[in-house]
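I opened a new structure today and wanted to get to know one piece of it. My notes are below.

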Amino acid sequence: MTLSQKIANRSAVVGIVGLGYVGLPLARAFHDAGFNVLGFDIDQSKIDAIAAGKSYIKHLGDDFVRPMRESGRLRATTDYRLMKDADAILICVPTPLGKHLEPDLSYVIQSAEDIARTLRPGQLIVLESTTYPRTTRDDVLPVLLKTGLSCIDRESDEAKGFYLAFSPEREDPGRKDHQTTTIPKLVGGINPVSGEVAADLYRTAIKSVIKVSTAEVAEAAKLLENIYRAVNIAMVNEMKVLLAAMDIDVWEVIAAASTKPFGFQAFYPGPGLGGHCIPVDPFYLTWKAREVGMSTRFIELAGEINHSMPDYVISRLNLALNDRNRSIKGSRILVLGLAYKPDVDDVRESPSFVLIEKLQDLGAHVDYNDPHIPRTHKMRKHDLGMQSVALSTESLASYDAVLVSTNHSVYDYPMIAKHSKLIVDTRNAMKNIDRRDNIVGA
């Protein structure tokens, strides 16, 4: 039986490498489409949580995982030798940046090597991790070819090799209006038959699948999506700094511009960029551009502006404290919100970590409150070793300044405004509060 036939009758086993913010929702999508799913992760705590029907991603909840455990059609393991049992293997691992903003493909290469150890004819391999164009062809393919198998270009040759494609993840944690199954899926193969087989697989679980001509097109499209956002956010961040110097409310300006029914899309400023995609992906393309002797000045300028925002926020905080005869050194500062966006527990690349570390370096005593993140954990760049403090009228009054870094909807902003000595608001969270002398925008 060919892989296409197995996909059609739902007898194919779908393997997913990396059970994080991308892999776990993808596992649920294929589970709900009727497939048996094999999940692979190096984190034993995730495997144990799935076995218990528990979700380690807070905004998804236990009800997201429990049906997969109860059906018996999801098995999660740290034993990568079991990849031989999967007919399709989807790679959903991190692609971070190194210390010098260079792409770190170590997780992707390691996954390819793990797959190669048990690779068998007829398997489909799909990379979902965001990366620069030609990663699938130039970095993943050579690892798989070392097995002696080929990337087949005719389905009739399935017994001699494997299929290979790229399909970028498009997850947006916490979003309510879209989920994995309703977000259109791009698919591009190393060759036409690989692209078609991969598209056939995704069509069983995703409502809209768009097959593009090559893996490179799909890789570049993902980068374009996120660079578009990064550049526009940089523009409004720069506008915020300029308009603040002119004593003009950037948030009111954005609202006014948004009344135009065409030719304008609203983007919003903040204390920096967070999440895996926008702070990271543009640098994958700028790095790759050097390989062909080009520079990406526009993209790099946007990155420079966005990375400067934590320093701007601290300068605003410093001026506000100075007006109250205080300095950052020795001040007690409460950071509201550790997650990179509202109402989730996702802290990847969150600017709150940078703000906390910079304030600590300046001599401040810093605490944080985030109802979604009771304590911090060791990350690639940060290890704060902190716990969320309680939020009360008494605790708020004990701080010299409250810095709003993430505008969670559960916060009682009128109460916070009433009992705080000083609020530096980077998210326009206090927009519905009557103007008070203790609220400063940043």
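I'm working with a predicted model, where local features need pLDDT of at least 70, side-chain atom pairs count only at pLDDT 80 or more, and totals for chains, interfaces and linings use all residues. Residues are numbered from 1 along each chain as its sequence is written, and side-chain values use heavy atoms, with hydrogens and water left out.

Entry 1. I looked up helix 4, residues 62-71, and found F64, V65 and M68 buried (under 20% relative accessible area, with exposed being over 50% and partly exposed in between, for a 1.4 Å probe and protein chains only). Down the axis of helix 4, the buried residues fall within an arc of 80°, so they line one face of the helix. I checked the other side too: D63 and E70 are exposed there.

Entry 2. What covers the buried residues of helix 4? I noted that the cover includes helix 2 (23-32), helix 3 (44-51) and strand 3 (74-77).

Entry 3. I turned to helix 2, which packs against helix 4 at an angle of about 50°, with the axes 10 Å apart. The contact (heavy atoms within 4.5 Å) uses L24, P25, A27, R28 and H31 from helix 2, and D63, F64, V65, P67, M68 and S71 from helix 4. I sorted the residues of this contact into 7 nonpolar, 2 polar and 2 charged (Ala, Val, Leu, Ile, Met, Phe, Trp, Tyr, Cys and Pro count as nonpolar, Asp, Glu, Lys and Arg as charged, and the others, Gly among them, as polar).

Entry 4. Just after helix 4, I found G72 with a positive phi of about 80°.

Terms used:
Helices (H or I, at least four residues) and strands (E, at least two) are DSSP runs, numbered from the N terminus. The arc is that of the directions from the helix axis to the C-beta atoms. Axes are lines fitted to C-alpha atoms, for helices over the stretch in contact, and angles run from 0 to 180 degrees between N-to-C directions.
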